[in-house]
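Subject: Structure handover

Hello,

Here is the structure for your set-up work. My notes on it follow below.

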Amino acid sequence: MKVLLLKDPKDKDSGPDPYIKELASYGLEATLIPVLSFEFVSLESLFEKLSHPESYGGLVCTSPRALEAIKLCLKENTISEAWSESLKRLWNAKPTYVVGKATAALVEEIGLNPQGEKTGNAEKLAEYICSREEPSSPALLFPCGALKREVLPTVLRERGIPLESLTVYQTAQHADLQQSLSRYFSQQGIPASIVFFSPSGVRFCLQHIQKLSGDLINRIKFAAIGPTTTEALEAVGIPVSCTAESPTPQHLAAGIHKALVQNCC
């Protein structure tokens, strides 16, 4: 059975995508279609803030794109040497809060120690942060996307935990999305399952999928990487057969397999 994954390859330089690999272990043939494109912004401001860890109580990173922005800053010669010599050590004396293993892995790549990766979503991460921070603490630096949800900032604000948000990337529809979806449906037909990885993916893809699927859309088992994406699907009337217990390839593949097996039986 075929599964359509609406996401970028997780790491283009390190072999097979782990989601494709994990689904293959269940005998499922997965295909990736990139949905989003990103433009990095305010990098000079991020550069300045990263250069002054003494002004902050720690970092909050809820997406791999935020880490990509940080890595772009660290490529600058003027901060790269300082990062190796002192800044990394100074930031490591403070917490770096993250959601999910993908972001945690990128945090480790720049030499910091992630905390909270098992929380799984912004709501739980916010509670995790509140259990460890005091209202009198210096602000946490939160590099984020223009489309970030307000759940985490709202919870921290209500608890009096200072948070300084900085938009470092903007999200848009991938230029080839419609063409890629049309090609997939014409060549491979209706997939057994379609997986969404973000509310933005729902917004950019769903109308095209409904048009391409026609009356056969009810055959598709829709899946989501987490509860936020599930909410976005259900808000537009799409029943969700599987929400990954945790945002990992293993949990997603197991959930999709279970949904498809139940459907067969």
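The buried residues of helix H6 (residues 122–130) pack against E4, strand E5 (96–98), E7 and helix H7 (151–158). Contact here means heavy atoms within 4.5 Å. Buried means under 20% relative accessible area, exposed over 50%, and partly exposed in between, with a 1.4 Å probe and protein chains only. Helices (H or I, at least four residues) and strands (E, at least two) are DSSP runs, numbered from the N terminus.

The model is predicted: local features need pLDDT of at least 70, side-chain atom pairs count only at pLDDT 80 or more, and totals for chains, interfaces and linings use all residues. Residues are numbered from 1 along each chain as its sequence is written, and side-chain values use heavy atoms, with hydrogens and water left out.

Back to H6. Its buried residues are Ala122, Leu125, Ala126, Ile129 and Cys130. The arc is that of the directions from the helix axis to the C-beta atoms. An α-helix has 3.6 residues a turn, so residues three or four places apart point the same way.

Strand E4 (residues 58–61) and strand E7 (residues 140–145) run parallel and are joined by two bridges. Two strands pair if DSSP finds at least two bridges between them. Leu59 has Leu141 as its bridge partner in E7. Both strands belong to an open sheet of six, in the order E3-E8-E7-E4-E5-E6, with mixed pairing. Strand E3 (36–40) and strand E6 (114–115) are the edges, and each pairs on one side only.

Next, the strands around E9.

E1 pairs with E9 in the parallel sense over four bridges. Val3 stands opposite Ser193 in E9. On to E10 (residues 221–224): four bridges join E9 to this strand, and the two run parallel. Ser193 has Lys221 as its bridge partner in E10. The chain gets from E9 to E10 through H9, and this β-α-β crossover is right-handed. Right-handed means that, with the strands pointing away from the viewer, the path from the first strand over the helix to the second runs clockwise. Val195 is also bridged to E10, with Ala223 as its partner.

E9 is covered on both faces. Ser193 and Val195 are buried on one side, and Ile194 and Phe196 are buried on the other.

E10 pairs in turn with strand E11 (residues 240–243), in the parallel sense, over three bridges. Ala224 stands opposite Thr243 in E11. The chain crosses from E10 to E11 through helix H10 (residues 227–235), again as a right-handed β-α-β crossover.

Thr228 counts as buried because its relative accessibility is 18%. Leaving out residues up to four places away in sequence, Thr228 touches Arg149 and Pro199.

Then H8.

Helix H8 (residues 177–188) has 12 residues, which at 1.5 Å a residue should span 16 Å; its end C-alpha atoms are 16 Å apart, which agrees. The expected span is 1.5 Å times one less than the number of residues. The buried residues of H8 are Leu177, Ser180, Leu181, Tyr184 and Phe185. They cover an arc of only 125° around the axis, which puts them on the same side of H8. They pack against strand E1 (2–6), strand E2 (29–32), strand E8 (163–173), strand E9 (193–196) and helix H9 (199–213). The face turned away from that buried side carries the exposed residues Ser186 and Gln187. Gly189 follows H8, with a positive phi near 80°.

Last, the whole chain.

The protein chain comes to 11 helices and 11 strands. Its C-alpha trace spans about 60 × 40 × 30 Å along the principal axes. A compact globule of 265 residues would have a radius of gyration near 18 Å; the chain has 20 Å, which agrees. That radius is taken over C-alpha atoms, and the globule rule is 2.2 Å times the number of residues to the power 0.38. Buried residues make up 46% of the 265. Of the contacts with a separation of 6 or more, 71% are between residues 24 or more positions apart.

Best wishes
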